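Here's a quick briefing to read with the model open beside you.

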Amino acid sequence: MQVKSILNRIQLQKGFVYENVHWLNVDQTRALGVEIRARKGSRPKCSVCEQAGPGYDVLPKRRFEFVPMWGIPVFFLYAMRRVACSTCGIKVERVPWAEGKSHLITTYKWFLAGWARRLSWKEVAEAFQTTWDNVFRSVKMAVKWGLQHRSLDNVTAIGIDELARRKGHKYLTMVYQIESSAKRLLWVGKDRTQKTLIQFFREFGQKNTARLRFVVSDMWKPYLRIVTKKADQSLQVIDRFHVMSHFGKAIDKIRASEARELKAKGEEPVLTGSRWCLLKRPKNLTDGQAVKLQELLHINLKAVRAYILKEDFQKFWTYKRSAWAAKFLDAWCRRTMRSRLNPMKTVAKMLRSHRSYLLNWFACKDQVATGAIEGFNNKANVTTRKAFGFRSIDVQKVVLYQTLGDLQEPALTHKFC
Ligand SMILES: [Zn+2]
């Protein structure tokens, strides 16, 4: 059997013919060269408007990289024609196997992108003797295709979150679909400003926005205002994950300043190494941490009182009816306002001023995958950490969409991987 009959089966090119296959030297490596020519009488298509036109001239032969066979690199060799397009002028022809100026064959890009779902981009580049850049371009193409071909018709609940891009104050705004039946990353935007969120709604479109029933986010008035303005019909909800992370930050502050005070007084550093017992839920503590927590509870420290207030607040989420939860919330806030723990009082004030959004939680918690934002937040953090070194926002976006976007791939004639 000849290589070209395999090629005709897995990648038939309308209007083009595979010719002989021969050895080729590429950067001192033996490769296979597959000669391609245009079918006799076929007219080249303009790469801009895709209309066929009369040929103008022929450019020198170019190499296009294909999926390697038996560990041997494979290249298509083709001399591209130029078209005298009646609309666009003299243009290079469009070939079915590659996009624009790409020297990678589209099938090969899907091949690399497929592997990049399973391995790190660096590993993919090493395994197939290609460059990191080529893997990136391939994934970028796959993401672009996936975004263009996804349907947003079924989105009724979204969650808005932020993600630290790297150290310092660089953030991304993330928007997720958070229904039990469909959870995916919908959108990534630079920064976490009002402009970012407005940009999301603009790209999401009025039709899709009108279908939203729940919008879940953190407590931040400017965001909430924009959601009210853009998606008035939706119920705005502040979720458990975000609320509890404010408690974590408050306890951290109290613990750190108290540890400093104790140290200044020359007292036992009881708070050293206690951070995790104060942030974790009791059931998640390791044995050593549980012992440490027991120790801490014996002393009436501010950090411990704050911890108890936080643990007590967890009860809020367990109510079946929002009226009862409201009663609990008010009582908890009153108690906390008397606690003389300033960071906790700040949390209480914040909860009070977002009271109605908090209570909306009870209307949505059975219909929305409320834990999804936290899950995505963790995954997104791992993803960006793994992608460290990828400083550019373009690369970070591609990685995030690739990992969390649940994007589809086209049905190709042949599945290479
Ligand atoms: Zn044209």
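In which sense do strands β3 and β4 pair, and over how many bridges? β3 (residues 55-69) and β4 (residues 72-85) pair in the antiparallel sense, over ten bridges. Keep in mind that this is a predicted model: local features need pLDDT of at least 70, side-chain atom pairs count only at pLDDT 80 or more, and totals for chains, interfaces and linings use all residues. Residues are numbered from 1 along each chain as its sequence is written.

**Overall build**
- The protein chain has 17 helices and ten strands; helices (H or I, at least four residues) and strands (E, at least two) are DSSP runs, numbered from the N terminus.
- Its radius of gyration is 29 Å, well over the 22 Å that the globule rule gives for 417 residues, so the chain is more spread out than a compact globule. The radius is taken over C-alpha atoms, and the rule is 2.2 Å times the number of residues to the power 0.38.
- Along the principal axes, the C-alpha atoms fill a box of roughly 90 × 50 × 35 Å.
- Of the 417 residues, 31% count as buried (20 or more other C-beta atoms within 10 Å of a residue's own, with C-beta atoms placed from the backbone).
- Take contacts (C-beta atoms, placed from the backbone, within 7 Å) between residues at least 6 apart in sequence: 54% of them join residues at least 24 apart.

**The β3-β4 hairpin**
- Two residues sit between the strands of this hairpin, where Trp-70 takes a positive phi near 55°.
- Across the pair, Glu-65 stands opposite Phe-75 in β4.

**The five-stranded sheet**
- This open sheet runs β8-β7-β6-β9-β10, with mixed pairing (two strands pair if DSSP finds at least two bridges between them).
- At the edges are β8 (183-190) and β10 (235-238), each pairing on one side only.
- Neighbouring strands are turned by 25° against each other on average, direction ignored. Axes here are lines fitted to C-alpha atoms, for helices over the stretch in contact, and angles run from 0 to 180 degrees between N-to-C directions.
- β6 (residues 157-166) and β7 (residues 170-178) run antiparallel, joined by eight bridges; Ile-158 stands opposite Gln-177 in β7.
- Helix α7 (residues 221-230) packs on the sheet, touching β6, β9 (214-217) and β10, and its direction makes about 160° with that of β10.
- Helix α17 (residues 393-404) also packs on the sheet, touching β6 and β8, at about 170° to the direction of β8.
- β7 and β8 are antiparallel too, with seven bridges, and a hairpin joins them through four residues. Ile-178 has Lys-183 in β8 as its bridge partner.

**Core and burial**
- The largest nonpolar core has 89 residues, and those with the most contacts inside it are Ile-158, Tyr-176, Ile-178, Leu-185 and Ala-306. Such a core is a set of buried Ala, Val, Leu, Ile, Met, Phe, Trp, Tyr and Cys residues joined through C-beta atoms within 7 Å.
- Helix α2 (residues 106-118) gives the most to this core, with seven residues.
- Beyond its neighbours within four places in sequence, Leu-185 has contacts including Met-174, Tyr-176, Phe-376 and Leu-400.
- Val-399 is found in α17 and counts as buried because it has 23 C-beta neighbours inside 10 Å. Its C-alpha atom is 8.9 Å from that of Val-143, 256 residues apart along the chain.
- In α11, the buried residues include Ala-303, Ala-306, Tyr-307 and Phe-313.

Terms used: Two residues are in contact if their C-beta atoms, placed from the backbone, lie within 7 Å. A residue is buried if 20 or more other C-beta atoms lie within 10 Å of its own, exposed if 12 or fewer, and partly exposed in between; C-beta atoms are placed from the backbone.
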